Amino acid sequence: MVSTEKLAPLLENLMESLPESYSVVDREMITHAYHFAEAAHAGQKRASGEPYITHCVAVAMILAEMSVQPIVVVAALLHDTVEDTSVTLADIRREFGDEVAKLVDGVTKLTKLPHVSRADGIGDNGMEFEEPADQARKDRRRDLVNETLRKTFLAMGEDIRVVLIKLADRLHNMRTLGYLPEPKRKRIAQETMDIFAPLANRLGIWQIKWELEDLSFRYINPEKYREIAQNLAETRVERERQMKEIIERLQKIVKDASISAQITGRSKHIYSIYRKMMDKQKPFEQVRDIRGVRLIVPDIPSCYAVLGIIHTHWRPMPSEFDDYIAAPKDNFYQSLHTAVIYDDGRPLEVQIRTPEMDENAEFGIAAHWRYKEKGPRDEQYEQRINWLKKLMDWRQDVEDANEFVDGMKTDVFQDRVYVFTPRGDIIDLPAGSTPIDFAYHVHTEIGNRCRGAKINGKLVTLDYVLKTGDQVEILAAKRGGPSRDWLNPNLGLVRTQRARSKIRAWFKHQNREQNLSQGKVIIERELRRLGLLNLDIDKLATDFDYRSTDDFYVAIGTGDLSLGHVINTISENLKKETDVLAVKPAAPVKEITGNEVAVLGLKGILTTFAKCCHPAPGDQIVGYITRGRGATIHRSDCPNILRMKDRERIVKVTWGEPQNTFPVDIQIKAYDRQGLMGDISNILNNENINLKDIKLNVTHNLATIVLIVEVSDIVQLSRTLTLIENLPNVMEAHRLNPG
Ligand code: MN
């Protein structure tokens, strides 16, 4: 029996940290792993001067406290043996079996590439990186670091337990970061803040997340960290006295309602205080006043009951209430949040949740192993695993490590929206995602064939930005592929890297002939649209370094070279020449009324200044189109304007500064519909484009609209034409040839 031996203090600590549920056999295996690792690392030291085994035990203890499976603790003890000692994977397999060997191998693989192996720079027995001497080497270093991260995430898809070990490893390395030299600390801290803390957050492991954040913050911004820590220390006694009082008060109130609750004051994390100071632009004195308590009650009905009780005792603060029980956060976090004005007139933040929710909140994905019985927790676990698998599924295709990390940052770590499929399944997307992103998320084929979408039963345009709670139904064609417009960033049709890769992949798989002819059609059509018929395409191809004009077409066809990029270059070239748009610049803006300053946006229309608000130059202003009397200019905060019901008659105007703009004639062909002109003038308004003249001709429902507008360059012209063409019912919009 283990307990009869006289244990080394390290091993003793470890054994005491193990969950009670571990069997005698488990404990023996862990003891064996300890001795094995200690022997393997004998003689090695950490940067702190301590024996290396202290690190292995610390990592194992972090995991044991999360009540992971015993086998994970075993693997944690051994996690650096294959990498740093003469022990081989075969040795581990022989001593501890296949599963442990697999886990250790997973962790080793994450760190195995030469140089990258210790991209985290720690635990390397004090060995130093040579600092890169020049930019090229710096870039290479960055590539290598990103490659490590890519490996981390790939491994994560295979076995989440490997990532838990990696996170625990990182956490202990962060705890001992102070022993490393200064420049290294900052870099590692930044990487932890950028990647590992958000990763822990995504896995819902709050315990690791906040500590990683605080430790990183300490090295990234030492002055601020010290300032907040000091402030906290100075106010501690008073804070603790208050908190004790609040908890006693709450305890009584809840008890009177015969609900048993475990009430604790919430500990303050320095980084979260800092975030609050930044978000609310408030000094520490105001932020530290925000006190928090957590009530853990037996079941969900009690959660709402307690919420009601608290709201009847103290006035709730509007907009501070969140029901994450009914609508869990994207990392499956559940709780009720509210804030009330406490007796002393200052805010008190309250969290209410069940014990199960609390465990989930603290341990996230690792909560799965904390109980033997099956339950809703397993469903969540499955959901999390599926999320990770999906993430990996397209990530395997991305070869470039930098693109991978960029994608990771946009796709994973930004705010998320939750939307529903028609069947009620929840889909989790980055904020700003569109129906096309949704379609590609559901299935590549659905994405490719997506032609329209309904949100909550209503048809929307494909640039609709999804909101949490939306139910999304994709209208798909029977066959066909994506539109090249989807890759046009002007249109904002696609938000996620994942959808973009899939769209590009679709075009890549078309054959060269098809891409060539498509590319040719695209470029020729665009030049025609912009009235640039005489442009030398062969020269353009050479400008872009393509060997032949055909290669240039193919690149456009596959989407490797974006039309936007081409238009930009053409525009730059044209600006270098004198005759920018092959037309004369517009005459400087004339005064409209007797006033000193002109108003842009409404030229040719009689303009008067409103008597109610007397706008003066420099005010934010809007124009209101009156019946028969031209337009009246109001301040945009004028109460009369704010109260106005006919919002469509309000147009954007600005105080005029003569600008370098150029008049061009645009012809639009469309099937006439209600609101078409309104939509077009919205686009012009948003682009700040002056409309000088308009001619409208409708025959048999077919409208031909000719606009004279003033644009600043052809990039703006191209963008505007595209936006107009994407309005419902519009068939084409192009520039009439200058003549
Ligand atoms: Mn390690």
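Leaving aside its neighbours within four places in sequence, with which residues is S302 in contact?

Good morning. The structure is a predicted model, in which local features need pLDDT of at least 70 and side-chain atom pairs count only at pLDDT 80 or more, while totals for chains, interfaces and linings use all residues. Residues are numbered from 1 along each chain as its sequence is written, and side-chain values use heavy atoms, with hydrogens and water left out.

To the opening question, then. With those sequence neighbours set aside, S302 touches I259 and V297, where contact means heavy atoms within 4.5 Å. S302 sits in helix α16, residues 300-313. Helices here are DSSP runs of H or I with at least four residues, strands are runs of E with at least two, and both are numbered from the N terminus. S302 has a relative accessible area of 12%, so it is buried. Buried means under 20% relative accessible area, exposed means over 50%, and partly exposed lies in between, with a 1.4 Å probe and protein chains only.

Let me turn to the overall architecture. The protein contains 29 helices and 21 strands. Of its 739 residues, 50% are buried. Among contacts with a separation of 6 or more, 66% are between residues 24 or more positions apart.

Next, the metal site. The manganese ion is coordinated by NE2 of H55, NE2 of H79, OD of D80 and OD of D169, at 2.2 to 2.4 Å. Donors are N, O and S atoms within 2.8 Å of the metal, or 3.2 Å for Na, K and Ca; because water is not among the atoms, sites may look incomplete. Along the chain, the donors follow the spacing H-x23-H-D-x88-D. The two histidines join distant parts of the chain: H55 belongs to helix α3 (residues 53-65), whereas H79 lies in the loop between α4 (70-77) and α5 (81-84), 24 residues apart. H55 is buried, at a relative accessible area of 0%, and H79 is buried as well, at 1%.

Now the aromatic side chains. How many aromatic pairs does a search of the whole structure find? The search returns twelve. Rings of Phe, Tyr and Trp (its six-membered ring) pair if their centres lie within 6.5 Å; planes under 30 degrees apart are stacked, those over 60 are edge-to-face, and the rest are tilted. F217 and Y274 form a tilted pair, because their ring centres are 4.5 Å apart with the planes at 35 degrees. This pair links helix α11 (residues 206-220), which holds F217, to helix α14 (residues 270-280), which holds Y274, across 57 residues. F217 is buried at 3% relative accessibility, and Y274 is buried at 15%. Another pair, Y324 and Y333, is edge-to-face, at 6.0 Å centre to centre and 65 degrees between the planes. Y324 is buried at 18%, and Y333 at 15%. F217 and Y274 also belong to one aromatic cluster together with Y225 and Y271.

R46 lies over the face of Y52, 5.9 Å from the ring centre. The rule here requires NZ of Lys or CZ of Arg within 6 Å of the ring centre and within 35 degrees of the ring normal.

I come to the packing of nonpolar residues. A nonpolar core is a set of buried Ala, Val, Leu, Ile, Met, Phe, Trp, Tyr and Cys residues joined through side-chain atoms within 4.5 Å. The largest has 63 residues, and those with the most contacts inside it are I30, L63, L78, I92, V100, L167 and I208. Helix α9 (residues 160-175) supplies the largest share of this core, nine residues. Beyond its neighbours within four places in sequence, I208 contacts I62, M66, L167, L171 and A200. Apart from this core lies another, of 41 residues, including L527, L532, I556 and V709.

Helix α20 (residues 435-442) is largely enclosed by the rest of the structure, because seven of its eight residues are buried. Those are P435, I436, D437, F438, A439, Y440 and H441.

Finally, A505 is in helix α22 (residues 497-509). With a relative accessible area of 30%, A505 is partly exposed. Its C-alpha atom is separated by 8.3 Å from that of T558, 53 residues apart along the chain. Thank you.
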